[in-house]
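This report looks at a pair of helices and at a pair of aromatic rings. Please have the sequence and the model open while reading.

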Amino acid sequence: IWAYPKLGYKPKQLMAGIAREALSKLYDFNPQGLANTLWAFATLNHYGDQYSDLLTGIATEAMTKIQNFNPQNLANSSWAYARLNYHPGDLLLEKIANAAVAKVEFFKPQELANLIWAMAKLNYRCETLLTSVSYAAERRLHQYNPQNLANTCWAYAILDFHPGPLLTKIIYQAGRCISDFSQQGLSNTVWALAKLQHHPGEAFLVKVGGEASRKITSFSPQGLVNLALAFACFDKYQASLMDAVCAEVDAKIHAFNKQDLDSVNWALARLGHPSKVFEPLQPHQRAGAREVAHLGPPPSAGQHYVPRFQGTHQDFGGQPRAHDSTQRFAHAQMQELTLRASRMVLGEPQHHEHAFLQTESFKIRGESLISGLLDSQDGYGDAKEPVAPGSMREKPEAAGDAVAQAQGQDKGREEQQGYFSMWQTKELCKITN
């Protein structure tokens, strides 16, 4: 099975048979064999719900042999479960975290980045691991590529853990290679810094703004939201960048939902940028926009918006469960924000703020404070594919995973989510140096 992804071949007709045979012989697998099997299925994009028995069986077997996993085995196994959107259970993740802490000095830069990205995507927060990885990453940061830098920053933001001096060093290293960042890396990095309330400095924001302006046509809708919100939170106004953002939002308006457009409107108003208030298209307008798009090249060729992932995890033992841990964490975040807001004394609005921000009718979901808080679509699927087990060289950067999303939204659930007044939210976004 390891050879197929190495050769770039996807034997769909054989995968089910291989999974059955592997499941019956897992007891004989060594740590390398377990990690290789996970890596192969993840690399071939055979998602977890198709082979849940195998993935659960590997998790069970891995727990008995975890002390013999080397750093590459630990990183690749975590990465594979995250890539497959399959939660192996907190017990296995705890054992992986403990083993990684004990061997963190032997991790390569790519393995550190993949491990921390996987833990963030699986929503497993172990402060001991996060601290150990931050110290190890500091010493190896000069070997990090742009994607490693962006993924590490994004992971710490998702897990709401400030890595201390590492963040300052990431900013310095990113500033040296900013031209090599993808649009996704740019938006994820500034989004993460905003969420962690760490001001990167004016010089870094100028570099990001300039690079983003040059690559603006390749930004996804979620990337545009992340970028605008981050610059608004840092109160960094670049007229040319906001002009470019507005043009792209207008061109891709059919791909934005109301929550995202509310976020963009708030960001533009906070920065005092003259712009129309963007409104979501009505169903008949949305259909018409799609028809027009088929008549010629879209504004950003090859860029297709995928809604935020809101699927289910598989709990340990193969039983599906809702992604409730992320939802509970988001809810806890909003409770904290609400408490902080209730203690604030709100001052007079600044002269550049748009009047609509002061109206009670304009409200925005708390989860959209900084681009969905936890489930940034850009962040999901931006982990670099790990080095193939046994390989002597690194593979090229993997393209972002396409994340499946059921059509439509549950209105009942949406009504249950708390709304947070923008007049309070804007006060919470003040970030100082």
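How many aromatic pairs does the structure hold? The structure holds three aromatic pairs, where rings of Phe, Tyr and Trp (its six-membered ring) pair if their centres lie within 6.5 Å. This is a predicted model, in which local features need pLDDT of at least 70, side-chain atom pairs count only at pLDDT 80 or more, and totals for chains, interfaces and linings use all residues. Residues are numbered from 1 along each chain as its sequence is written, and side-chain values use heavy atoms, with hydrogens and water left out.

One of the pairs is formed by Phe41 and Tyr51 and is edge-to-face, with 5.2 Å centre to centre and 70° between the planes; planes under 30 degrees apart count as stacked, over 60 as edge-to-face and the rest as tilted. Phe41 lies in helix H3 and Tyr51 in the loop between H3 and helix H4, so the pair ties together parts that are 10 residues apart in sequence. Helices are DSSP runs (H or I, at least four residues), numbered from the N terminus.

| Residue | Relative accessible area | Class |
|---|---|---|
| Phe41 | 2% | buried |
| Tyr51 | 12% | buried |

Elsewhere, helix H7 (residues 109-121) packs against helix H8 (residues 127-140) at an angle of about 150°, with the axes 10 Å apart. That makes H7 roughly antiparallel to H8 (angles under 35 degrees count as roughly parallel, over 145 as roughly antiparallel, 65 to 115 as roughly perpendicular and the rest as oblique).

Terms used. Axes fitted to C-alpha atoms, helices over the stretch in contact; angles between N-to-C directions. Helix = DSSP H or I, 4+ residues; strand = E, 2+ residues; numbered from the N terminus. Buried < 20%, exposed > 50% of the residue type's maximum accessible area, 1.4 Å probe, protein only.
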